[in-house]
Amino acid sequence: MQVKQQNIGLTVDDSLMRVYVASPEPAGQYPGILFYSDIYQLGRPMTLLADRLAGYGFVVAAPEIFHRLEPVGTVIEPDDLGRLRGNDAARRTEIAQYDADALALLTWLQADGQVAADQIGSLGFCIGGHLAFRAAFRSEVKAAVCCYPTGIHSGKLGRGVADTIERVSEIKGQVLTLFGMLDPHVPPKGREKILQALETAQVQHQTLLYEANHTFMRDDGYRYDPVATDAAWVEIVTFLAQAFGR
């Protein structure tokens, strides 16, 4: 399916948040996905992932997660300095600000004419996987896909300690988590803590493990694993289709 792209601006807390929107070209109504990048924001590896998801029949809205700290259009380079910069921006953003962004984006998706308002989901990578998980605290989110989500098990997200693991019971939709077994950022004990919390809260969930490292779906680094990525996409699209009854 061909896709079209546009950039829109939403104002949250008096800060302009650029949102990259990828959507199917054919007219119709599609599920809407709140799509979160990793700490490097919306470089081409991330927009390619958003485009790919849109090609399966989803309206994908991807915000610049550090819009309060970085100029509009900023792409952080995935090198040593960029890692420091991205992690610092993550640390300096209030957790409540991330949540406010999610509310603004979900409101926009529900109001967009190309989106089926009762079919809203979230998806993210790394810190974005954590944000996609938190977005699922909202009742309108029917499905959340969390790809190697960092910080859920430890409370590391922004300024202060995130209460994500304590709020799992607020999730009413379905959750799919994907982890790389070689990922040092989400070690086995961390994965088990997340999955146990979902189980205890009786959240409908699935998890997938791959013999891969962190950020294995990002195609510009040494950790990229195209085979694991292709396998993950099959599972992600199947999960979302089933969650939305499509």
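1. The lining of the largest pocket divides into seven nonpolar, 10 polar and five charged residues, where Ala, Val, Leu, Ile, Met, Phe, Trp, Tyr, Cys and Pro count as nonpolar, Asp, Glu, Lys and Arg as charged, and the others, Gly among them, as polar. This is a predicted model, in which local features need pLDDT of at least 70 and side-chain atom pairs count only at pLDDT 80 or more, while totals for chains, interfaces and linings use all residues. Residues are numbered from 1 along each chain as its sequence is written, and side-chain values use heavy atoms, with hydrogens and water left out.

2. About 500 Å³ of space lies in this largest pocket. A pocket is, on a 1 Å grid over the protein atoms alone, an open set of points where a 1.4 Å probe fits, with protein on both sides within 12 Å along at least five of seven lines, and its lining residues have an atom within 4 Å of a point; the volume is the space filled by probe spheres set on the points, which are joined across faces, edges and corners. Of the 22 lining residues, Asn87, Cys126, Thr150, Lys156 and His185 are the closest to the centre of the largest pocket. The elements that give two or more residues to this lining are α2 and α4, and the largest share, four residues, comes from α2; helices (H or I, at least four residues) and strands (E, at least two) are DSSP runs numbered from the N terminus.

3. The second largest pocket has a volume of about 160 Å³. Its lining consists of Tyr40, Pro78, Arg83, Thr215, Arg218, Asp220, Gly221, Tyr222 and Arg223, and these residues divide into three nonpolar, two polar and four charged.

4. Which residues touch the most other members of the largest nonpolar core? They are Phe133, Ile171 and Leu198, in a core of 51 residues, a nonpolar core being a set of buried Ala, Val, Leu, Ile, Met, Phe, Trp, Tyr and Cys residues joined through side-chain atoms within 4.5 Å. The largest share of this core, seven residues, comes from helix α3 (residues 95-111). Apart from it lies another core, of 36 residues, among them Phe35, Phe125, Trp233 and Leu240.

5. The structure holds 17 salt bridges, each a side-chain nitrogen of Lys or Arg within 4 Å of a carboxyl oxygen of Asp or Glu. In one of them Glu70 pairs with Arg85, the closest N and O atoms being 2.6 Å apart; this pair links distant parts of the chain, with Glu70 in the loop between β4 (59-63) and α2 (80-92) and Arg85 in helix α2, 15 residues apart. Glu70 counts as buried because its relative accessibility is 12%, whereas Arg85, at 41%, counts as partly exposed (buried means under 20% relative accessible area, exposed over 50%, partly exposed in between, with a 1.4 Å probe and protein chains only).

6. Asp163 and Arg134 also meet in a salt bridge (2.9 Å, N to O). Asp163 lies in the loop between β6 (141-147) and β7 (174-180) and Arg134 in helix α4 (residues 127-135), 29 residues apart. Arg134 is buried, with a relative accessible area of 4%, while Asp163 is partly exposed at 33%.

7. Finally, Asp51 is found in helix α1 (residues 44-55) and, at 10% relative accessibility, counts as buried. Leaving aside neighbours within four places in sequence, Asp51 is in contact (heavy atoms within 4.5 Å) with Val3, Gln5, Tyr20, Ala22 and Arg44.
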